[in-house]
Amino acid sequence: MQPINQKRNKNNQAGNAVIEFAMLIPILVAMFMGTWSYGCAYYIYAQLESAVRSGTRYAALTTYDATSSVAYQMAIQNIVVYGNPGGGAQPVVAGLQPSNVNVYVQFSGSIPTSVSVSISGYKIPGMFVSPATLINKPALQSPFMGFYLPS
Amino acid sequence: MQLNAKSSCRHSLHVDSRRGYIMLMFSLSLVLLLGLSGLAIDVGRTYVAKSEAQSFADVAALNAVAQLALAPGAFAAARNAAKQSPKKWNFGSSAITDVVTTFGTSPTDSFIDSPPSGGYQPSDYRFALVTVHIKVPMYLLSSISGPTAAVAAQAMAGQMVKTGLQGGEFPFSPFSRKNASPEDLSDPFGFKVGNTYTLRWEPSGNSTSCGTDQGNVGSNGSFRGYCCTGASNVPSIRDVLSGGGTVPVRVGDPFGPLEAPGQKDTINIQDWINYDTDTVSPDYATYRANTTHPGNGKRIVTVVVNDDERTVVGFATFFLFPASQYQGKNYCAQYIGSQVQGAPGLPPGSGSGLYRLKLLR
């Protein structure tokens, strides 16, 4: 027969593990969520960087028609968002919209000399904190090396 | 009783040893957890840095090879051009400074730092390989990987020979001098840079007044000069400029001239010249040197060269003389050698061949 104290001790012991685990759960969750959030954010940013690179390459080497500069801009936005100048249904980065893609063409006289592509207003989702909104990042600029078609 | 006391003591020790067990295990696991977190964060940052470095390298390689197109053999200028990209890393906050540019004569060549070598001329180097190095500081993995992780990115760009055009070629065509009175044996068409040749010919029997073509009517003077506009239509100049007015053509294709009488005059070369911002410079050297009202390159045209036997033998680059020189008869133009389509600037006025810029890897 076990003494009463010993029995009580054993019962107390069972509770200790639960309490310790409960104390550590928030730390574990915080670490997991932090790691997950940063990992996702880096992954999304790298995907955006790659999309902007594709868009800039296309913008630098394609024809710039002075009578349809809007079409030129839309084609670049579609390359960044969908990987296709004609557009698409599935963006290469979830939630990315053509309106998030800035296309800025610099001219000398009326001739395009360089083109910049960047992302603005895109929110990288965060699990802990509010989503981080990108402003002109990532961005890439290239000299314009395509064909210029005057109006 | 002694036994009971011993048993109680052992139990007490056992209880004490279990107290804080999870805390102890957590502490031990924390090292592993921190390592995994570090892996996710530091590797993630490295991944982003790699992508940023690749973006820089892509633009840098195009910049370098475009510079070589404007000034063949100007390797120092090409190296400098490669470094001019404003692209930064570390989420766009840190400048990229470790940039190495090497040059080659083909994509499979051994790229070297100080060309030329092996009997090549400086102008033979039409490919640039840019290598970018970045050192990414490590926060949580520094004990394993050291204080920084080395990230490298590479891009190769080059001037690729064009053997076909999708459209956009000037709708007049000179004939090759390679087998008939060549003026420069090193040129693929026997043309000499700076000399004047006839793009549009008068009807058969009439003589031309263009440069060394003067008095020469050739054997097919009635049609020579009208190229690639399709079977029976005459494109507008702007259609040609956009690449939609002329048909795709490749080296070796049969030369399909437009012969229908009456249509020839509707191709108005003056309209084309007026697209340029310098419509008056009398020759290419003056045009290149004009800094007051620099030209935008529209007077520089790509033409299909025929062999006088209705076969396309290649593409050449010509400079159109001022509109005031044309009287609706012959169209004369100055041969200016090589051109790299897309290079941001005027061709050098030397060499030969038609190329395009391309990012190769």
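Colleague: Leaving aside neighbours within four places in sequence, with which residues is A:Leu96 in contact?

Modeller: The general idea is to look past the sequence neighbours. In this predicted model, A:Leu96 is in contact with A:Val81, A:Pro91 and A:Tyr122 once the residues within four places in sequence are set aside. As to its place, A:Leu96 belongs to the loop between α2 (69-82) and β2 (101-108) of chain A.

Colleague: Is A:Leu96 buried or exposed?

Modeller: Burial is read from a count of surrounding C-beta atoms, with 20 or more within 10 Å as the cut-off. A:Leu96 is buried, because 20 other C-beta atoms lie within 10 Å. For a further spatial reference, A:Ser54 is 42 residues from A:Leu96 in sequence and 15 Å away in space, C-alpha to C-alpha.

Colleague: How many residues of chain B are in contact with chain A?

Modeller: An interface is read first by its residue counts, then by the elements that supply them. Here 39 residues of chain B are in contact with 38 residues of chain A. On the chain B side, α1 (2-18), α2 (21-70) and β13 (354-359) each supply at least two residues. The largest share, 20 residues, comes from α2(B). By class, this side of chain B has 20 nonpolar, 13 polar and six charged residues.

Colleague: What is the secondary structure of chain B as a whole?

Modeller: Chain B comes to seven helices and 13 strands. Of its 361 residues, 41% count as buried. Among the contacts in chain B with a separation of 6 or more, 61% are accounted for by residues 24 or more positions apart.

Notes
Residues numbered from 1 in each chain as written. Chains lettered and ligands numbered in written order. Predicted model: local features only at pLDDT ≥ 70, side-chain atom pairs only at ≥ 80, totals over all residues. Helix = DSSP H or I, 4+ residues; strand = E, 2+ residues; numbered from the N terminus. Buried ≥ 20, exposed ≤ 12 C-beta atoms within 10 Å, placed from the backbone. Contact = placed C-beta atoms within 7 Å. Nonpolar A, V, L, I, M, F, W, Y, C, P; charged D, E, K, R; others polar.
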